[in-house]
Amino acid sequence: RRFYGRGLVVVARGNGLAFMRLGLSVGRRAGGAVVRSRLKRVIRESFRLTPERALGGLDVIVIPRIPADCSAMRPLRPRLARILAKAHQQLVARTP
């Protein structure tokens, strides 16, 4: 199931585990190799620092849809946290 946020698309699916797993898909449109690598590092760090990650039970693929400049990457963590909480609520919390 897809969840959309400002500049991010998150594809999530329940995994039945006690932890959340992260996958990244950063296309060439984001920029050169250095820019894409930086964007992936920022997303990984945002994921690591997000408390919703501890909720577990999801496999998550994050697809950035933002221009990969520093000003756009800075507010990434609150957006990612919001989307992960929404995904967890809809996919895991409702399951009996």
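Helices here are DSSP runs of at least four residues, numbered from the N terminus. The model is predicted. Its protein chain holds 3 helices and 4 strands. From the N terminus on, their order is β-β-β-α-β-α-α.

**The chain as a whole**

- The protein chain has 96 residues, and 36% of them are buried.
- Its accessible surface comes to about 6000 Å². Carbon and sulfur atoms account for 52% of that surface.
- Take the contacts between residues at least 6 apart in sequence: 80% of them join residues at least 24 apart.

**Strands and their pairing**

- Strand E1 covers residues 2-5 and runs antiparallel to E2, with 4 bridges joining the two.
- Two facing pairs can be picked out here. Arg2 stands opposite Val11 in E2, and Gly5 stands opposite Leu8 in E2.
- E1 and E2 form a hairpin with 2 residues between the strands. In this hairpin, Gly7 takes a positive phi near 85°.
- E2 also pairs with E4, again in the antiparallel sense, over 7 bridges.
- Across that pairing, Val10 stands opposite Val62 in E4.

**The nonpolar core**

- In soluble globular proteins, nonpolar side chains tend to be buried together.
- In this model, the largest nonpolar core has 18 residues. Those with the most contacts inside it are Leu8, Val10, Met20, Val60, Val62, Leu80 and Leu84.
- H3 supplies the largest share of the core, 5 residues.
- Val60 shows how parts of the chain meet. Leaving aside neighbours within four places in sequence, Val60 is in contact with Val10, Val11, Met20, Arg21, Leu22, Gly23 and Leu84.

**Helix H1**

- H1 has 17 residues. From its first C-alpha to its last it reaches 24 Å, close to the 24 Å expected at 1.5 Å a residue.
- Its buried residues are Leu39, Val42, Ile43, Ser46 and Phe47.
- Seen down the axis of H1, these buried residues fall within an arc of 135°, so they line one face of the helix.

**Arg77 in helix H3**

- Arg77 lies in helix H3, which spans residues 76-93.
- Its relative accessibility is 42%. Buried means under 20% and exposed means over 50%, so Arg77 counts as partly exposed.
- Beyond neighbours within four places in sequence, Arg77 is in contact with Ser46, Leu49 and Thr50. One of these, Ser46, is among the buried residues of H1.
- Arg77 and Arg44 are 33 residues apart in sequence. In space they are 9.8 Å apart, C-alpha to C-alpha.

Notes. Residues numbered from 1 in each chain as written. Predicted model: local features only at pLDDT ≥ 70, side-chain atom pairs only at ≥ 80, totals over all residues. Heavy atoms only, no water. Buried < 20%, exposed > 50% of the residue type's maximum accessible area, 1.4 Å probe, protein only. Contact = heavy atoms within 4.5 Å. Core = buried A, V, L, I, M, F, W, Y, C linked by side-chain atoms within 4.5 Å. Pairing = 2+ DSSP bridges. Areas by Shrake-Rupley, 256 points an atom, 1.4 Å probe, with all protein chains shown as cover. Expected span 1.5 Å × (residues − 1). Arc of directions from axis to C-beta.
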